[in-house]
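Please have a look at the sequence and the model first, and then read my comments alongside them.

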Amino acid sequence: MGVFRYWSARMAPGVDMDCITICATCAAPGQAPKGAGLAEAVRDGLREGCVVRLVDCLNVCHSPVALSIRGAGKTAYLFAGVDPAAQAAEIRVLADLYAAAPGGDITDARPLGGLRHRLLGRIPAG
């Protein structure tokens, strides 16, 4: 595993922010990884208080591209099979819904469009 690569100057040590983590190495067989491009597309227009970071692997290699969203004291979500060419805007909507949801519990995922069908798991806040 490599070093985390942060995509936002808004992140400061010790500040609790929501974080979208995108796999940098996810790729369909014979294709180049698309996580970095997705991270850049998501970052453009992303709300304040949320950062995007790339990691080398989220261990969902069978269904690229994978991403998660989590925040301090909030439910976390894991998505896979995300289409970098079509779903950056839906991921920004996810960030908005997540910020507005008490404890991160999104009760109506319909505004997420097709992204809601890419949800693999939900990890309750502990």
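My points below take up a helix contact and an aromatic pair.

1. A word of caution to begin with: this is a predicted model, so please read each point below with that in mind.

2. I would start with the two helices, α1 (residues 35-43) and α2 (residues 88-100), whose axes come within 9 Å and cross at roughly 55 degrees. The two are therefore oblique to each other. As for handedness, the crossing of α1 past α2 is right-handed.

3. Which residues in α1 and α2 meet? On the α1 side they are Leu38, Ala41 and Val42, and on the α2 side Ala88, Ile91 and Arg92. Sorted by class, this contact has five nonpolar residues, one charged residue and no polar ones.

4. Now to the aromatic rings, where the structure holds one pair. The ring centres of Tyr77 and Tyr98 are 6.2 Å apart, and their planes stand at 80 degrees; with over 60 degrees as the cut-off, the pair is therefore edge-to-face.

5. Where do the two partners, Tyr77 and Tyr98, lie? Tyr77 is in strand β5 (residues 76-79) and Tyr98 in helix α2, so the pair ties together parts that are 21 residues apart in sequence.

6. Are these tyrosines buried or exposed? Tyr77 has 8% relative accessibility and so counts as buried, given a limit of under 20%. Tyr98 is at 0% relative accessibility and therefore counts as buried too.

Methods:
Residues are numbered from 1 along each chain as its sequence is written. This is a predicted model: local features need pLDDT of at least 70, side-chain atom pairs count only at pLDDT 80 or more; totals for chains, interfaces and linings use all residues. Side-chain values use heavy atoms; hydrogens and water are left out. Axes are lines fitted to C-alpha atoms, for helices over the stretch in contact, and angles run from 0 to 180 degrees between N-to-C directions. Helices (H or I, at least four residues) and strands (E, at least two) are DSSP runs, numbered from the N terminus. Angles under 35 degrees count as roughly parallel, over 145 as roughly antiparallel, 65 to 115 as roughly perpendicular and the rest as oblique. A crossing is left-handed if the near helix is turned anticlockwise from the far one by less than a right angle, and right-handed if clockwise. Contact means heavy atoms within 4.5 Å. Ala, Val, Leu, Ile, Met, Phe, Trp, Tyr, Cys and Pro count as nonpolar, Asp, Glu, Lys and Arg as charged, and the others, Gly among them, as polar. Rings of Phe, Tyr and Trp (its six-membered ring) pair if their centres lie within 6.5 Å; planes under 30 degrees apart count as stacked, over 60 as edge-to-face and the rest as tilted. Buried means under 20% relative accessible area, exposed over 50%, partly exposed in between (1.4 Å probe, protein chains only).
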